[in-house]
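The exercises below are meant to be worked through with the structure open beside the text. Each task is followed by a solution that goes step by step.

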Amino acid sequence: MKESVRYALRVTWARPEGRIGLTILAIIVVAALLLPPMLQDPRAQPDILNGSLRPPNASHLLGTDHLSRDVLSRVVHGARVSLAVAAGAVALSVTLGALIGLVAGYAGGWVDATAMRLVDGAMAVPRLFLLLLIAAVMDHIPLTLLILAIGCTGWFGTSRLVRAEVLRIRQLEFVRSAEALGARRRRIIFRHLLPNVLGPLAVATTLAVGDVILLEAGLSFLGLGVQPPTPSWGGMILDAKPDIISAPWTSLAPGLAIVLTVLSVNLVGEALRDALDPRES
Amino acid sequence: MRRALVVLGFSILTIAAPALAQSTSAGRGTVVIVTAREAMSPIPTLFGGDAANREVSDLMFLRLADLPEDLATTDEPRFVPRLAKSWRRIDPVTLAFELDPRAKWHDGAPVTAADVVFAIERARMEKLDGQLAGLVRRISSVTADGDRRVIFKFTAPYAEQFYDAVYHAPPLPAHLLARVSPDSVGASSFAANPVGNGPYRWKRRVSGQLIELSANDDFFLGKPGLSRVVFLIAGDTEARMNLLLGGEADAVDNIYQFANPERLGQNPRFRLYPMPSLMVGYMLFNQRDPADTTKPHPILGDPAVRRALALALDRETIVRSTYGPSSLVPAGPVSAVLATRLESPAPPRNDTTKAREILGSRGWTDHDRDGVLDKDGRPLHLTAIFPATSGARRKMALQAQEQLRRIGVELEIQPLDPPVYVPTRRTGKFDLDLAAVTQDPTPSGLSQSWSCAGIGGTNVAHYCNPQVDTLLARASRSPESARKLWRDAVVTIEGDAPAIFLYAPVFLYAVDARFEKVTLRPDSPWSEVWRWRVRPGQEASRDRE
Amino acid sequence: MSWAFRRMLQAFATFLVAVVLMFFLMRLAPGDPLSRLGDERPFSPAALATLRARYGLDQPLLTQFRAFVKPLARGDLGVSIQHPDRSVNNLIAQRLPATLLLGGTVLLINFTLGTWLGAWQAFRRGSKTDHLLTIFTLLLYATPSFWLGLSLVWLFGTQWHLLPVAFMHDPLLSPDASRLTRWTDLLRHLILPAATLSLVTIAATVRYQRAAMLDVLHLDFIRTARTKGLQERQVRWRHAWRNAIGAVLALFGLWLPLLVAGSVFVESVFAWPGLGTLAAEAIGTRDYPVIMGSTILVSGVVVLGSLLADLAHRWLDPRLREG
């Protein structure tokens with residue numbers, strides 16, 4: 001496992017897109033981890049009547065928002081939330097997707113048919129609609145539930161991908177021989193099939209992270225995602241929306257944070273895809 | 001390739017140039033009012049007293065008389081004649097109105113005494129609108145004496161008889177509606193094409209986009225100065241602001257709905273008109289346990305805790321940052337209009353030290369040092385609900401959350417979709433409710449939400465103080481001392497801290513500077529639009545249509 | 001033929017699953033569609049009971065489902081709760097043209113500009129322009145549509161006054177304006193929302209087309225064409241492009257949900273009177289019939305879109321047809 005991570009990093013770094021992506025991502029992660037203790041309290045509203053919507057200055061490097069809160073501090077703290085939600089949700093959706101894809105692909109028959117029809121049905125409803133409805137069902141959403149909701153609506157595509165890969169690999173010699181030797185099903189799934197779908201899965205995972213960050217921002221923008229006082233990027237844009245003209249920094253900062261993060265993750269994903277793609281080598 | 005670019009560039013230029021005005025000479029002015037919600041129907045009383053409906057209905061349906069400018073509901077002689085030309089008091093429980101013979105429905109039929117009787121009778125039908133029926137409950141009978149004369153009789157002498165007679169239920173065209181059953185008015189052809197008697201008549205509705213009214217040039221009080229009124233509907237706050245700044249709309253009722261109102265204030269295209277509103281907002285404390293409403297609330301049942309929380313909030317800052325410098329912090333449940341009329345006092349200033357002391361004396365201290373006060377192992381954690389659609393309340397909730405955090409109270413804010421918010425509130429399943437209420441112009445309406453009798457109705461927090469009930473009852477009986485008694489009631493309520501009374505906004509209306517003779521009314525802002533004019537020489541292209 | 005038939009059956013099953021899923025998920029949500037905010041005078045209990053009975057909200061869930069499905073088979077989606085005087089069919093019919101116009105324009109831009117860019121990029125694989133374009137398209141893809149929309153409104157609408165900031169028509173344009181005026185007006189209103197939505201979605205097309213082209217460029221018949229001495233230009237555009245576009249077509253079904261989701265944000269920023277805002281509003285107000293109506297329509301289009309794309313793909317791609 002460690003081996004393959006190192007390999008993935010190496011091949012990603014070998015491409016210019018990958019290099020740029022990894023660098024930006026590293027900067028964001030390091031900032032999110034190390035900066036917070038040095039910044040002001042992201043919740044503090046020191047002087048709403050006189051200190052709101054101040055442009056960037058020495059004490060507030062990215063200015064202040066409509067409640068006189070420090071924008072820089074909120075962007076950095078928001079990074080923690082956005083990354084945590086993305087990581088959690090993607091881990092969940094990829095695990096679910098991989099498991100269901102593996103089982104459906106390997107079991108075949110009616111299991112496969114049922115699972116894939118359900119997946120088709122769920123995919124025919126736009127994910128945003130599903131999430132809007134789930135948000136309505138839960139009427140207020142703690143962070144963990146948000147992660148669950150985004151995770152549980154994200155595995156459909158992954159499961160199809162994995163299933164397709166499994167169908168392909170199943171026909172290969174080494175799986176056939178393992179089956180002929182009477183290996184148990186679980187062993188075949190986890191020892192033979194899973195390792196071989198890791199490549200495409202890694203690419204899908206990376207790209208999914210970007211999608212989830214955008215989705216979470218969109219939900220927060222609609223007032224349904226991360227709830228205050230926890231700062232989040234989408235929530236910041238929602239708060240800053242009316243000030244986009246008079247105080248552009250309030251929406252520019254979280255907007256750029258989203259763009260850079262999603263961009264970097266997708267660059268890494270694309271580089272990885274290129275690297276694992278036989279055509280390219 | 002290059003040629004394609006040139007063509008593309010050219011077509012963008014032609015498209016980007018504003019469409020040329022299609023000028024014809026007919027119009028004498030159009031005002032475009034931008035609004036958040038679409039009126040369901042302009043027919044008064046049939047669809048509830050919703051503010052969006054009233055904006056339209058007040059231009060189409062006149063009352064017998066309008067409230068005086070200061071909305072003094074008890075001041076009989078100062079009411080302004082509308083459909084009624086004059087009135088006369090026959091005895092302490094009888095009023096006679098003389099209709100203006102020039103008043104006509106938009107279909108040409110005269111407005112008659114039967115129309116007045118018909119409207120009041122519909123209003124009294126409990127099953128149609130219980131609350132409206134409650135408002136006119138003290139009218140014992142209405143009778144037509146000929147075509148032009150209406151006699152109102154009341155159950156007892158009281159201060160607001162005149163107001164009850166003219167305000168709640170404007171006359172409806174009996175000749176068109178009498179044969180429609182009360183339940184099916186919504187589906188009738190009248191609902192699709194309502195016929196009124198006011199300065200403007202119904203022109204068209206483009207659902208979700210606009211409602212257009214056109215001038216009733218035969219209006220008996222004078223030909224309207226503007227030939228068109230358009231209510232432009234844009235649910236999104238930013239879209240509303242952009243329509244104003246982009247020149248596509250002329251007027252808006254409250255510039256503080258925009259988080260950065262200076263943009264309109266500093267724009268020379270607009271003039272601002274301050275207008276005290278009938279709205280009052282407060283953070284209501286639930287006095288019952290949300291889990292079991294027969295029990296007192298485990299935290300908020302203690303009046304000292306409620307008072308401490310009220311003291312902890314810097315209401316001044318919250319109000320000024322949300323509703324501008326001229327809005328008031330109300331003492332008790334009074335809008336800016338009522339506060340001025342009752343001359344009610346300003347509430348105490350915030351005092352976090354004292355708030356902490358009070359909480360400490362009631363056993364709330366931070367025993368486990370996690371930053372949140374606790375008592376018997378229970379943290380001082382409260383949840384505040386409010387409708388997710390309200391930007392202003394979100395801004396206030398965020399400030400309250402932070403201010404309370406500093407004294408160790410954890411406030412969770414919970415914006416709810418309106419269909420969840422309303423039943424949650426009604427069934428008492430909340431700790432705090434950030435409520436905004438548009439009050440009737442009279443303090444007698446206070447008895448609905450702040451009396452023991454209101455429990456089970458709009459008094460969702462179970463606040464009950466018999467002393468307040470007595471004061472309100474006495475006020476309604478005695479016109480001379482009504483103001484003092486109402487003020488005493490309001491001050492008593494503030495003292496009991498059933499809520500933190502947060503804001504009594506004075507709205508700033510923005511209206512395009514090309515209009516002159518602009519007058520607005522606090523109870524129905526646009527109802528005087530028919531008196532407006534476009535300054536000669538300053539017509540916009542839409543004014544000529 | 002049997003393949004096409006099976007594929008159609010499968011599409012129908014998919015559609016049914018989506019309908020059932022939405023219906024029951026929706027009813028799990030708390031909230032009372034009959035309560036309305038801002039009503040100082042709520043409905044009386046008697047009126048409420050009447051209304052509840054009228055919409056069947058007092059019935060058990062399964063009965064409600066049956067009551068919903070029966071008229072659905074006839075294409076009747078019921079009556080809106082928020083707009084009691086309007087049928088859902090009518091509401092949707094009114095909003096559909098706006099969404100089709102916006103979505104269609106965006107699809108058109110994606111198909112033409114997007115596929116062209118993707119192909120162009122594929123021919124230059126590994127070059128500096130390839131890398132730059134990759135980064136640029138991914139940058140667009142990473143931009144939240146609502147943020148981009150707000151920024152464009154600010155720039156073109158309120159700063160430069162070049163383009164209208166909201167709606168689909170100038171609401172005051174007189175109904176008897178000339179056709180040219182009306183079309184120009186529509187076009188001007190379309191520019192900003194269409195640009196926003198195209199910019200944030202075009203990356204997917206470009207990336208897919210690039211990958212598909214790379215696939216095809218390796219194939220034998222392209223090599224054969226090359227060795228036959230066909231001009232490189234001809235090989236690229238006639239053979240390769242035609243074949244790769246099939247792969248992109250297959251993704252048609254995937255784009256539609258993307259467009260719908262994007263249009264929820266874009267429509268709300270530009271007050272564009274389309275289905276996205278209708279559905280989002282309906283969810284916010286728990287207007288069950290409208291939620292069901294709009295999602296049924298969207299799912300139907302998505303399923304149908306991917307079905308057609310599959311059929312077209314099979315027809316276009318010689319490998320699948322002959323194999």
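**Exercise 1: a sheet in chain B**

In chain B, four strands make up an open sheet in the order S4-S5-S7-S6, and their pairing is antiparallel. The model is a predicted one, in which local features need pLDDT of at least 70 and side-chain atom pairs count only at pLDDT 80 or more, while totals for chains, interfaces and linings use all residues. Residues are numbered from 1 along each chain as its sequence is written, and chains are lettered from A and ligands numbered from 1 in the order in which they are written.

Task: work out which strands stand at the edges of this sheet, and then follow the pairing of S4(B) with S5(B) and of S5(B) with S7(B).

Solution. Begin with the edges: strand S4 (84–91) and strand S6 (139–145) of chain B each have a single partner strand, so one side of each is left without a neighbour in the sheet. From one strand to the next, the twist averages 20°. Strands here are DSSP runs of E with at least two residues, helices are runs of H or I with at least four residues, and both are numbered from the N terminus; two strands pair if DSSP finds at least two bridges between them.

Next, take S4(B) and S5(B), which run antiparallel and are joined by six bridges. They form a hairpin with two residues between them, and B:Ala84 stands opposite B:Leu99 in S5(B). On to the next pair: strand S5 (residues 94–99) and strand S7 (residues 149–154) of chain B also run antiparallel, with five bridges joining them, and here B:Phe97 stands opposite B:Val150 in S7(B).

**Exercise 2: chain A and its side towards chain C**

Task: describe the make-up of chain A, and find which element supplies the largest share of the side of chain A that touches chain C.

Solution. Chain A has 12 helices and zero strands, and its C-alpha trace spans about 75 × 45 × 30 Å along the principal axes. Of its 281 residues, 53% count as buried, where a residue is buried if 20 or more other C-beta atoms, placed from the backbone, lie within 10 Å of its own.

The contact with chain C takes 38 residues from chain A and 42 residues from chain C, two residues being in contact if their C-beta atoms, placed from the backbone, lie within 7 Å. The largest share of the side of chain A, nine residues, comes from H12(A). The residues of this side divide into 24 nonpolar, six polar and eight charged; Ala, Val, Leu, Ile, Met, Phe, Trp, Tyr, Cys and Pro count as nonpolar, Asp, Glu, Lys and Arg as charged, and the others, Gly among them, as polar.

As for H12(A) itself, 24 of its 28 residues are buried, so this helix is largely enclosed by the rest of the structure.

**Exercise 3: individual residues of chain B**

Task: where are B:Leu71 and B:Ala497 found, and is each of them buried or exposed?

Solution. B:Leu71 is found in the loop between strand S2 (65–66) and strand S3 (80–81) of chain B, and its phi is near 60°, a positive value in a residue other than glycine. With 22 C-beta neighbours inside 10 Å, B:Leu71 counts as buried. B:Ala497 is found in the loop between helix H18 (482–496) and strand S21 (499–503) of chain B, and has a positive phi of about 45° although it is not a glycine. B:Ala497 is buried too, with 20 other C-beta atoms within 10 Å.

Note on methods:
Buried ≥ 20, exposed ≤ 12 C-beta atoms within 10 Å, placed from the backbone. Axes fitted to C-alpha atoms, helices over the stretch in contact; angles between N-to-C directions.
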